[in-house]
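Biologist: I'm new to this one and would like to learn how to read it. Could you put it on screen and walk me through a few features?

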Amino acid sequence: MSYVVTPPAQVSVPVIGTADRFPVHRVYCVGRNYAEHAKEMGYTGREPPFFFMKPADAVIPVDAGTVGRIAYPSLTRDLHHEIELVVAIGVGGKNIAAADAVRHIYGYAVGLDMTRRDLQGEMKKQGRPWCIGKGFDQSAPIGPITPAAQAGKVADAAIHLQVNGADRQRSSVASLIWNIGETIEHLSAAWELQPGDLIFTGTPEGVAAVVAGDTLVGGIDGLATLSVKIV
Ligand code: MN
C-alpha cells in the first residue's frame with residue numbers, strides 16, 4: 001500500500017533524560033483557567049471549563065538549552081504570549097475521575113499558547129470559532145517534557161514568563177481555577193483521551209503583545225525552561 005500524497009511527519013516533543021520522544025496526537029487547550037487572567041479578559045466567576053484545540057502540527061518542539069524560532073504570523077497586529085503548564089497524556093481513557101487522573105499523565109512541559117488576540121477578539125464578537133486566533137501555524141511552542149516522577153510538585157509550582165529579560169507573567173499553578181485532575185475529568189467526558197495528547201492548562205494574568213525580535217523565556221519550577229525568539 002502507498003499513499004496518494006506524502007503522509008505528514010509525526011510531530012514529537014523531546015523528553016528529558018532520554019533520546020526517545022513523545023509523539024503528539026491532539027492538542028487540547030483550556031480557556032480562562034486562572035481567575036486574574038479571566039478578569040483581564042473581562043470575565044469573573046467560576047464558569048465550567050471550556051476547551052479549544054490546536055492542530056498537532058502547530059507544535060514547535062524546542063530542545064533543552066536551545067532557543068526555538070517562530071515566525072511572526074500573518075493577519076495579526078496583536079500577537080500575544082500565554083505561558084502555560086502542558087500536561088502530556090501517557091494513558092488514554094474517557095470519563096476519567098479527577099482522583100484517577102494522575103495515572104494517565106506521562107509528564108509535564110512548559111508551553112506557549114500563542115494567540116492572534118485581535119482575530120480572536122473579532123471572532124468572539126461575531127460568535128464565530130476561535131481557530132484563526134488560536135490554531136494557526138507555529139502557535140504552540142513547547143519545551144521538553146519532564147516525566148511526572150521527576151517533575152516535583154507541579155500542582156503548586158511557580159509559573160513565569162520573561163520577554164527580553166523583563167517579567168511579564170508570574171503566578172503559581174496552584175491558582176488554576178480547575179486543577180489538573182479536574183481539567184482531565186471534564187476534558188475526558190467530552191473526548192476520549194489518547195496517549196500522545198497534550199493539554200495546555202491555561203495562562204495566568206499578564207498576557208501582552210510581542211513583536212519580531214523579542215525573546216520569550218518561560219519557566220515552571222521543576223520543569224525544563226522554554227526559550228523562543230519571534231523572527
Ligand atoms: Mn491559553
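Biologist: Over how many bridges do β13 and β14 pair, and in which sense?

Modeller: First, some ground rules: this is a predicted model, where local features need pLDDT of at least 70 and side-chain atom pairs count only at pLDDT 80 or more, while totals for chains, interfaces and linings use all residues. Residues are numbered from 1 along each chain as its sequence is written, and side-chain values use heavy atoms, with hydrogens and water left out. Strands are DSSP runs of E with at least two residues, numbered from the N terminus, and two of them pair if DSSP finds at least two bridges between them. Here, β13 and β14 pair in the antiparallel sense over 6 bridges. They form a hairpin with 2 residues between them, and Asn164 in the turn has a positive phi of about 50°.

Biologist: What is the strand order in the open sheet?

Modeller: Reading across its 5 strands, you get β6-β17-β16-β13-β14, with mixed pairing. The edges are β6 (68-70) and β14 (166-172), each pairing on one side only.

Biologist: Now the metal. Which residues are the protein donors of the manganese ion?

Modeller: Donors are N, O and S atoms within 2.8 Å of the metal (3.2 Å for Na, K and Ca), and water is not among the atoms, so sites may look incomplete. For the manganese ion, the protein donors are Glu82 (OE), Glu84 (OE) and Asp113 (OD), 2.0 to 2.1 Å from it. Their spacing in sequence is E-x1-E-x28-D. Glu84 sits in strand β8 (residues 83-89) and Asp113 in the loop between β9 (105-112) and β10 (115-116), so this pair, 29 residues apart, links distant parts of the chain.

Biologist: Are Glu84 and Asp113 buried or exposed?

Modeller: Buried means under 20% relative accessible area, exposed over 50%, and partly exposed in between, using a 1.4 Å probe and protein chains only. Both Glu84 and Asp113 are buried.

Definitions and conventions: Helix = DSSP H or I, 4+ residues; strand = E, 2+ residues; numbered from the N terminus.
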